[in-house]
Each structure stands twice: as structure tokens, then as C-alpha cells.
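Please look over the sequence and the 3D structure shown below, and then read the briefing that follows. The notes are grouped by topic.

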Amino acid sequence: MTTAVVPHAPARLGRFVLRMFPPHIYVTYALLWVLALESSAVTLTGSAWRPTGATWVRVVTVVLALLFLRMLDEQKDLAYDRVHHPDRPLVTGAITVTELRGAMAALTAVVAGLNARQSAAALLLILVCLGYALFLAALERVSRAVRDRQLLNLAVTCPVQVLLGAYVYGALAAAGAITADRHGVVLLALCACVFLHFEFARKTAWEAEPTARLYSADLGPRRSAAVTAGFAAGAIGCQVALFAPDGPLGLLPCLAAALPAWGTWRFLSARRGGWPLPAAMGFVVSTYLALTVRAVLLP
């Protein structure tokens with residue numbers, strides 16, 4: 001496989017993004033996540049919330065950071081993909097390592113430029129997140145345990161999501177929109193639980209090939225299902241702790257609990273196949289959407 005940059009690199013990168021980073025999925029996720037986190041953080045201080053220009057900077061930053069992470073994952077998973085996903089762009093030569101690294105450098109420059117205009121804290125937080133991701137890629141190259149043991153890998157990679165959430169929260173605090181307090185810890189835990197529910201759901205199945213990277217391969221399907229449901233319960237618990245004082249409107253996001261409850265019942269009763277992903281995706285979307293609606297409707 002060649003790593004030479006070819007004249008049509010922008011078109012090749014565009015095709016890579018459309019295939020491996022579908023905008024309707026990733027952009028929607030980033031938008032809902034940032035709006036839910038920001039609106040909740042502001043309303044927890046007792047202030048009304050409406051999106052500002054800085055809000056959209058944070059949305060764009062998270063989208064570009066997720067694209068950076070996706071490009072990095074494509075490179076660090078190359079050996080595995082050559083065996084299990086031979087149609088991936090990097091394996092087939094539809095994109096090259098050099099092109100991906102060049103795009104990652106450009107994304108870093110754009111993200112740094114956007115956040116340098118906001119605050120030094122915002123710039124530092126997003127660079128720490130991207131830097132930690134690069135550190136993990138290097139760690140996986142030298143540590144077979146981190147590379148091959150799913151639960152250990154999750155333990156060291158999950159902080160990337162937490163750091164992205166901390167970027168949004170820290171940027172708000174640096175801008176004076178909020179005062180960082182203990183509510184921020186619970187709010188970041190809520191977002192982490194939402195992410196981990198989906199992460200476990202997509203890698204939980206009754207059957208698995210010996211080399212499949214599934215959490216259920218390590219834990220067994222029932223225990224993996226219990227962990228998946230447990231993270232959803234954790235997210236609901238965080239919502240109750242944060243928003244119960246607001247009354248029925250504050251508990252609006254808790255209605256999303258019906259989706260992981262149905263997903264758990266469906267998976268355990270079927271005894272075959274994987275976790276119903278529409279339920280897991282629906283939980284992410286409905287939770288973040290309900291959090292944002294709650295903030296908009298508060299007086």
C-alpha cells in the first residue's frame with residue numbers, strides 16, 4: 001500500500017468522510033450532545049439558556065474532534081481491519097495514511113483557531129483531548145493487552161469522551177456562563193453513562209466469532225446485557241439527582257428509560273442476535289433532545 005499523496009486527495013478524503021463518518025449520524029450526535037450538556041449546565045445555575053455564537057463554535061469543535069478520532073481509529077485498527085474488514089478505505093487504498101494524517105493536522109489547526117478566539121482554557125482543553133487520543137494510539141501499538149483486551153481498552157479510551165464533555169463544560173465556565181461546581185461532575189457522569197450504554201449495546205450479542213471485539217465475548221451475553229442496562233440506569237439516576245427539584249418538567253428526560261428497558265427485555269427474551277440498536281440509539285437521541293427541550297421550556 002502506498003502512502004504517497006495523490007492529486008485527488010480532497011475528493012478521496014470526502015469519500016472517506018461520507019462512508020466512515022456519515023454526517024447525519026455524527027453531526028446529529030455532536031449537536032444533540034453539546035446542546036444538552038450546555039443547556040443543562042446553564043439552567044442548573046438558575047439562569048435561562050439560549051444558544052449563542054459560542055455554542056455553535058463548541059458544536060463545530062466537537063464534530064471536528066470526532067472526525068479526528070475517527071481518522072485516528074482507522075489507522076490504529078489497520079492490522080485488524082486487514083483480516084476482518086478488508087473493504088475498509090485504508091485497507092483498499094481508497095485513502096492513505098499520509099492523507100489521513102494531513103487531514104488530522106488540518107483539523108487540529110482549525111479547532112485550535114476556533115477555540116483560541118474563545119479562551120485559553122477552551123483551547124487547552126480541546127488540545128488535551130486530541131493529545132490524549134494520540135497517546136492512546138501510541139499505547140495500543142506497544143501494549144498488546146490494551147490493544148486486544150476489550151474491557152481494558154474501553155477503560156483507557158472512555159476518558160476521551162469525558163474530556164470532550166469537560167471541554168464543553170470548561171469552555172462555558174471560562175466564558176463566565178456558569179460557575180463550575182459539583183453539578184458538573186454529575187452532568188459529565190450522565191453523558192458518560194449515555195455513551196457507555198450505546199457502546200456496550202453495539203458490542204453485546206449472544207453469538208460471537210472467536211476474534212470478534214465484543215464485550216459479551218468477555219463477560220457473557222447476560223452480564224454484558226446487565227452492564228448495558230446498568231449504564232442506562234446510571235444516566236437516569238444522574239438526571240433524577242440533578243433535575244428532580246424542577247418537578248415533572250425536570251424529569252421529562254427520564255421517559256427515555258422505556259427504550260433501554262425494552263431493549264433489555266428484547267435481548268434477553270430473544271436469546272439470539274445482538275442488542276436492538278434502534279433502542280440504544282433512540283435512548284441517546286431522546287435523552288439529549290429531552291434535556292435540551294427541558295432547558296428551553298424552563299421559565
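A residue is called buried when its relative accessible area is under 20%, exposed when the value is over 50%, and partly exposed in between, with a 1.4 Å probe and only protein chains considered. This is a predicted model, in which local features need pLDDT of at least 70 and side-chain atom pairs count only at pLDDT 80 or more, while totals for chains, interfaces and linings use all residues. Residues are numbered from 1 along each chain as its sequence is written, and side-chain values use heavy atoms, with hydrogens and water left out. Helices (H or I, at least four residues) and strands (E, at least two) are DSSP runs that are numbered from the N terminus.

- Helix α3 covers residues 53-76, and its 24 residues should span 34 Å at 1.5 Å a residue, which agrees with the 35 Å between its end C-alpha atoms; the expected span is 1.5 Å times one less than the number of residues.
- Because 19 of the 24 residues of α3 are buried, this helix is largely enclosed by the rest of the structure.
- Q75 lies in α3 and counts as buried because its relative accessibility is 15%.
- If neighbours up to four places away in sequence are not counted, Q75 touches L90, V97, L100, R101 and M104, where contact means heavy atoms within 4.5 Å.
- L90, one of these partners of Q75, lies in helix α5 (residues 89-92) and is buried, with a relative accessible area of 1%.
- The C-alpha atoms of L90 and E74 are separated by 7.1 Å, although the two residues are 16 residues apart along the chain.

**Nonpolar cores**

- A nonpolar core is a set of buried Ala, Val, Leu, Ile, Met, Phe, Trp, Tyr and Cys residues joined through side-chain atoms within 4.5 Å.
- The largest nonpolar core has 71 residues, of which V62, M71, L164 and Y288 touch the most other members.
- Helix α3 gives the most to this core, with 11 residues.
- A second, separate core of seven residues includes L154, F200, Y215 and L219.
- V62 is in contact with A30, W33, V34, Y167 and V168, leaving aside its neighbours within four places in sequence.

**Buried N115 in helix α6**

- N115 is placed in helix α6 (residues 97-116), and it counts as buried because its relative accessibility is 1%.
- Apart from residues up to four places away in sequence, N115 touches T61, A122, L123, I126 and Y167.

**Helix α12 and what covers it**

- Helix α12 covers residues 221-243, and its 23 residues should span 33 Å at 1.5 Å a residue, which agrees with the 33 Å between its end C-alpha atoms.
- Buried residues of α12 include P221, S224, A225, T228 and A232, and also L242 and F243.
- The elements that cover the buried residues of α12 include α2 (23-43), α10 (182-202), α11 (215-219), α13 (258-270) and α14.

**Exposed and partly exposed places**

- R271 lies in the loop between α13 and α14, and it counts as exposed because its relative accessibility is 56%.
- Phi of R271 is near 55°, which is a positive value in a residue other than glycine.
- V293 is found in helix α14 (residues 277-297) and counts as partly exposed because its relative accessibility is 34%.
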